Amino acid sequence: MKKEKNNLLTVKIIQNNCKGYIPSEYKIKKWAKIAFFGKKYSVVSIKIAAKNEINNLNKKFFKKDTICNVLSFPHNSIISSGEYILGDIIICADIVNKESVKYKINNDNRWAHMIIHSMLHLQGYTHHINEKRNIMEKKEMTLMNILGYQNPYYAN
């Protein structure tokens with residue numbers, strides 16, 4: 001029996017006591033799954049973090065002492081339980097919500113973009129070289145359009 005694409009990704013959501021708007025688990029999983037192009041059963045963890053938490057991770061792993069909206073940590077390996085771990089996404093609710101106000105877009109539009117953007121990073125997409133940035137942004141715009149959200153680069 002062939003598995004459906006959406007059944008190939010398990011999304012584990014970890015949330016502490018973050019304040020402000022946080023999308024439902026249903027929405028977060030929907031956004032992650034639409035941006036998953038793998039052909040094997042995979043697991044991704046999405047942690048909704050406070051500003052101090054994401055700042056500490058950014059310092060530790062990227063040597064940047066700044067609070068950012070989202071961090072992506074590709075894992076891409078099989079662990080002892082046999083699960084294929086795609087990676088981890090850490091998203092700062094406070095920053096993403098402030099950005100939605102700054103860019104004058106609805107919260108779900110911004111959250112969807114950040115989840116999609118991070119999922120693409122976990123799968124090897126990057127934006128450090130113009131040619132690769134164009135590929136990644138086109139994929140993001142297509143997925144956002146499928147979801148009925150505005151072009152994330154039009155707002156910036």
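Which residues in helix 1 meet which residues in helix 4? In this predicted model, the helix 1 side of the contact is made up of Lys27, Ile28, Trp31, Ala32 and Ile34. Facing them from helix 4 are Asp108, Trp111, Ala112, Ile115, Ile116 and Met119. Sorted by type, the residues of this contact come out as nine nonpolar and two charged, with no polar ones.

As for how the pair is arranged, two packed helices are described by the angle between their axes and the distance between the axes. Helix 1 covers residues 25-34 and helix 4 covers residues 107-122. Their axes sit 8 Å apart and pack at an angle of about 45°, which makes helix 1 oblique to helix 4. The handedness of the crossing of helix 1 and helix 4 is right-handed.

Now for the cysteines. A disulfide is a covalent bond between the sulfur atoms of two cysteines. How many disulfides does the model contain? The count comes to zero. Take Cys18: the closest cysteine sulfur belongs to Cys92 and lies 7.1 Å away, so the two are too far apart for a bond, given that a disulfide needs the sulfur atoms within 2.5 Å. Looked at from the other end, Cys92 is in no disulfide either, and the nearest cysteine sulfur to Cys92 is that of Cys18.

Are these cysteines buried or exposed? Cys18 has a relative accessible area of 18% and is buried, because the cut-off for buried is under 20%. Cys92 is buried as well, at 0% relative accessibility.

Key: Residues numbered from 1 in each chain as written. Predicted model: local features only at pLDDT ≥ 70, side-chain atom pairs only at ≥ 80, totals over all residues. Heavy atoms only, no water. Buried < 20%, exposed > 50% of the residue type's maximum accessible area, 1.4 Å probe, protein only. Axes fitted to C-alpha atoms, helices over the stretch in contact; angles between N-to-C directions. Helix = DSSP H or I, 4+ residues; strand = E, 2+ residues; numbered from the N terminus. Parallel < 35°, antiparallel > 145°, perpendicular 65-115°, else oblique. Left-handed = near helix turned anticlockwise from the far one by under 90°. Contact = heavy atoms within 4.5 Å. Nonpolar A, V, L, I, M, F, W, Y, C, P; charged D, E, K, R; others polar.
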